[in-house]
Amino acid sequence: MSEITKKYTNGEVTVVWKPDQCIHSRLCWTQLGEVFNPRNRPWVNMEAASTEKIIDQVSKCPSGALSYYLNNTENPPENISTETRIEVIPNGPLLVYGNINVQLRDGAKENRSKVTAFCRCGQSKNKPFCDGSHIGAGFEDV
Ligand code: FES
């Protein structure tokens with residue numbers, strides 16, 4: 001069975017959504033609900049925020065279910081940060097933004113780009129990466 005992929009664009013940037021990969025972190029609709037609203041059809045409104053805001057939010061998707069590409073890569077919008085950034089999600093994973101190379105427990109190496117979610121709760125079945133298990137486990141970091 002092929003994976004479902006949906007695309008939404010504002011002409012500048014296209015958001016790609018792969019629902020099968022979603023771990024329901026809820027970050028997209030709690031942080032940028034004017035664009036990502038599961039109650040609406042379609043659930044993504046590309047006209048409700050700037051391209052920069054949409055890219056910033058999509059970059060926080062811990063599962064990779066949301067990704068984006070610029071429609072015109074020769075003239076990318078300004079203000080897109082390329083610095084490596086690390087963010088602790090309350091009661092959730094550690095997000096590392098940027099291109100990284102992860103050496104796994106067995107010595108294998110894996111290249112990751114954009115954003116990678118690392119498990120902090122210890123419940124992931126895909127360590128060291130977050131698989132959304134922290135939600136079912138009721139993980140609290142306080
Ligand atoms: S933090 Fe998400 S599975 Fe552990």
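1. The largest nonpolar core has 19 residues, of which Val15, Ile54, Val58, Cys61 and Leu66 touch the most other members. A nonpolar core here is a set of buried Ala, Val, Leu, Ile, Met, Phe, Trp, Tyr and Cys residues joined through C-beta atoms within 7 Å. A residue is buried if 20 or more other C-beta atoms lie within 10 Å of its own, exposed if 12 or fewer, and partly exposed in between, with C-beta atoms placed from the backbone. Two or more residues of this core come from each of strand 2 (13-17), helix 1 (27-31), helix 2 (51-58), strand 3 (66-70) and strand 8 (115-118). Helices (H or I, at least four residues) and strands (E, at least two) are DSSP runs, numbered from the N terminus. Domain 1 (6-70) and domain 2 (85-137) each supply at least three residues to this core.

2. The structure is a predicted model: local features need pLDDT of at least 70, side-chain atom pairs count only at pLDDT 80 or more, and totals for chains, interfaces and linings use all residues. Residues are numbered from 1 along each chain as its sequence is written.

3. Leucine 66 is in contact with Val15, Trp17, Cys28, Val58 and Cys61, leaving aside its neighbours within four places in sequence. Contact means that the C-beta atoms of two residues, placed from the backbone, lie within 7 Å.

4. Threonine 116 belongs to strand 8. Threonine 116 counts as buried because 22 other C-beta atoms lie within 10 Å. Not counting residues up to four places away in sequence, threonine 116 touches Val96, Ile100 and Phe129.

5. The protein chain is divided into domain 1 (6-70) and domain 2 (85-137), with bounds that come from an automatic or database domain assignment. The C-alpha centres of the two domains lie 20 Å apart. Nine residues of domain 1 are in contact with 11 residues of domain 2. On the side of domain 1 that touches domain 2, three residues are nonpolar, five polar and one charged. In this scheme Ala, Val, Leu, Ile, Met, Phe, Trp, Tyr, Cys and Pro count as nonpolar, Asp, Glu, Lys and Arg as charged, and the others, Gly among them, as polar.

6. The protein chain contains three helices and eight strands, in the order β-β-α-α-β-β-β-β-β-β-α along the sequence. Its radius of gyration is 16 Å, close to the 14 Å that the globule rule gives for 142 residues, so the chain is as compact as a globular protein of that length. This radius is taken over C-alpha atoms, and the rule is 2.2 Å times the number of residues to the power 0.38.
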